[in-house]
Amino acid sequence: MSAPADTRTITGSSLREFLHGLPSVDQVGAEARAAMLSSRSIKTTAKQWALDAAISMIDLTTLEGQDTPGKVRAICAKAKRPDPADPTAPQVAAVCVYPDLAHLAAAEVKGTGIHVASVATAFPSGRTSLEVKLADATYAIESGADEVDMVIDRGAFLAGDYQLVYDEIAAVREVVAGPAGTAGQVGRAHLKVILETGELVTLDNVRRASWLAMLAGADFIKTSTGKVAPAATLPVTLVMLEAVRDFLAAHGRQVGVKPAGGIRTAKDAIRYLVLVNETAGEDWLDPRWFRFGASSLLNDLLMQRTKLATGRYSGSDYFTLD
Amino acid sequence: MPKFEYAPAPESRAIVSLRESYGLFINGQFTPSADGRAFKTISPATEEVLAEVAEAGPADVDRAVTAARTAYERTWSVLPPKERGKYLFRIARIIQERARELAVLESLDNGKPIRESRDVDIPLVAAHFFYHAGWADKLEHAGYGPAPRPLGVAAQVIPWNFPLLMLAWKIAPALACGNTVVLKPAETTPLTALTFAEICRQADLPPGAVNILTGAGETGRALVTHPGVDKVAFTGSTEVGKEIARSCAAVPGKKVTLELGGKAANIVFEDAPVDQAVEGIVNGIFFNQGHVCCAGSRLLVQESVYDQVVASLQRRLATLRLGDPLDKNTDVGAINSAAQLARIRELSEVGEAEGAQRWSPPCELPVKGFWFPPTVFTGVSQAHRIAREEIFGPVLSVLTFRTPAEAVEKANNTPYGLSAGVWTDKGSRILWMASRLRAGVVWANTFNKFDPSSPFGGYKESGYGREGGRHGLEAYLDV
């Protein structure tokens, strides 16, 4: 694992051998580790830092059939100024929308430093032809998205056709960010690869899918679409954080992690930050390398932030519902 | 300066109301020692004196054994078994109600992290009482005959590493089977045992069923050699265990169980789940500062994954948080006593002198109190003293092996035989190894997991007799 394999051509059988040669994951042990880290007690100054860090890492998301231009404008306003009563609250990392609304979001957040993420490749199921997936991703980029959240073909993965999954990711990557090896260059969009871990089920699969996505050129690996239960969980995120840590050591390229779906409370978010801190390390404690795919989480973070500053809880009516 | 610096999160001491001095607990009453002698117990993390505790002499031992005998004959052994069970259930519930207080007190007196006393020790203590409460009226189904009888008065001497948990392992089965007890906690950690005495009163336990004598080696010797004792149960060092075995051998009919030292092998195969194995290694040797008789103090790694495992282990150890035992984020607490610290230092120096490579993560030790950094020795061979002698501290010796047969051979090549760990993805290999390892407990893809229903005990110099489970009842029944 010394040469930068993600720039090498990988054939089907060697890919399979590599993925099946990764160390296995003991589920009981991984769950115990995640539970132990959940018991960390984050108070006072540490909590203050964590709440603000979590806000700055949010991909504020709306992915509904009923999304309208009005809804997108509203979440963009929220993204720019999460707490109208407190200008010191940081802005979020990105807004995440469907491709047909990306142009609206791009216009709304222009000049703020907030990224526009768009789901693509027949999100959430990914059940269509490669041509349609590539067209979907191209459309997202052309509409102003600078981050694309693609889904992998879970069916192919579960059937053992790793090459197909790899090739699709690599092809989307080419559309989104140019050939492998050019990640991070100015003007290139970022590729987040959604593994949909709720459908992969085992932690061994999560580890293999993580490596597969990274080898194919993912800038980020993301747990879930949010449309399948369970979405993000701590043990799954733990395994993904181990994967990006080991991938950096083996290939010299840092890949980000994005748990998405089901993270609703500040307490949950802080648990994830502890997991990042003690697994991948503090280099990942940055919106460039760690994101939360969430919507209602933001208001709970703001509420806890106000509580920490004033010593009092205010009702949910004091935080905007966007 | 780390980005995400965890602010101090200390558990409050306010829940514990320490008394200035504690007496002996004899026949349901707290009483000073006959000759007025006392000693101080300190917090090993700060060297602060916590309280003064009476030191029991021969006259006190005599009083306590007499009280236990009377209680045995007049109340406890003749009580209907289901009534004994009710008392044990009541004690278990009070322990749960007072769990936070007991956890704080344990961490104060012992130096172990509150995360462990809160999440491991105290819940297991309650579990042991619940479990044995259930046995009290079902002993005829335990496989020891239709109406197994208790033994009488049990003398029990316990160590300082899991003060209240070791008390539970001793007292719960003894009472469930109908015996009465005189228990001596370790001299460095008497406080939770004395709080347990209060709990016995709170539960209205008949006076004399449980007696607690505080003191050091002399007290223990007087207790285990007292002619009024029918049964001796000891957990502690192999050296003292042998002395007890010798003295009890002279008395026909006196039953003895000993749970002594260990030098367990934690065996990592090349197909192991590496990240979880590393957690298991950490939990095996740094749990409770390595003050664990079944600690995985010898790491046997298959040579083909040696570099990877050692690198992962070192990276992981750099994240361990050492410091204030009462801080909820502390992973490694204080060494229990100056004497134990001196022994750990001495053996570590021997390790270096014998040519093993010593490594510790960057780690700032508090100035006051007794502290030792998590330490790993690589390049250790079977001949080194650090591979043979129990260090009873946060010190890991790493050895390698090439084949499963060699792993078994090296794992068994020790005077001890308390526990072992096997890390592999192959189920068949786990079974193959488990049937060949001469150790009382073999953990597969985990380490240091305890449950009241699972018997615990050793081979060879790790002692004899089992504690916990159906097997553990035998030690307190006339079978």
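Biologist: How do you know that strand 2 and strand 3 of chain A are paired?

Modeller: This is a predicted model, and in it 4 bridges join strand 2 (residues 94–97) to strand 3 (residues 115–120) of chain A. Two strands pair if there are at least two bridges between them, so these strands of chain A count as a pair. They run parallel. For one example, look at V97(A): its bridge partner in strand 3 of chain A is S118(A).

Biologist: Which helix lies across those strands of chain A?

Modeller: That is helix 5 (residues 102–109) of chain A, lying across strand 2 and strand 3. Helix 5 runs at about 170 degrees to strand 3 of chain A.

Biologist: What makes strand 7 and strand 8 of chain A the edge strands?

Modeller: Start with the sheet in chain A, where 8 strands form an open sheet in the order 7-6-5-4-3-2-1-8, with parallel pairing. Strand 7 (256–258) and strand 8 (292–294) of chain A each pair on one side only, and they are the edge strands. Neighbouring strands of this sheet are turned by 25 degrees against each other on average, direction ignored.

Biologist: Let's turn to chain B. Why does the radius of gyration of chain B agree with a compact globule?

Modeller: Set the value against the rule: with 479 residues, a compact globule would have a radius of gyration near 23 Å, and chain B has 22 Å, so the two agree. The C-alpha atoms of chain B fill a box of roughly 65 × 50 × 35 Å along the principal axes.

Biologist: How many of the residues in chain B are buried?

Modeller: Buried residues make up 56% of the 479 residues in chain B.

Biologist: What are the domains of chain B, and how far apart are their centres?

Modeller: Domain 1 of chain B covers 21–260 + 459–478, and domain 2 covers 265–444. Their centres, taken over C-alpha atoms, are 30 Å apart. The contact takes 21 residues from domain 1 of chain B and 27 residues from domain 2 of chain B. Helix 3 (99–110) and helix 4 (114–135) of chain B each supply at least two residues of the domain 1 side.

Biologist: Which classes of residue make up that side of domain 1 of chain B?

Modeller: The side of domain 1 of chain B that touches domain 2 has 7 nonpolar, 7 polar and 7 charged residues.

Notes. Residues are numbered from 1 along each chain as its sequence is written. Chains are lettered from A and ligands numbered from 1 in the order in which they are written. This is a predicted model: local features need pLDDT of at least 70, side-chain atom pairs count only at pLDDT 80 or more; totals for chains, interfaces and linings use all residues. The radius of gyration is taken over C-alpha atoms; the globule rule is 2.2 Å times the number of residues to the power 0.38. A residue is buried if 20 or more other C-beta atoms lie within 10 Å of its own, exposed if 12 or fewer, and partly exposed in between; C-beta atoms are placed from the backbone. Axes are lines fitted to C-alpha atoms, for helices over the stretch in contact, and angles run from 0 to 180 degrees between N-to-C directions. Two residues are in contact if their C-beta atoms, placed from the backbone, lie within 7 Å. Domain bounds come from an automatic or database domain assignment. Ala, Val, Leu, Ile, Met, Phe, Trp, Tyr, Cys and Pro count as nonpolar, Asp, Glu, Lys and Arg as charged, and the others, Gly among them, as polar.
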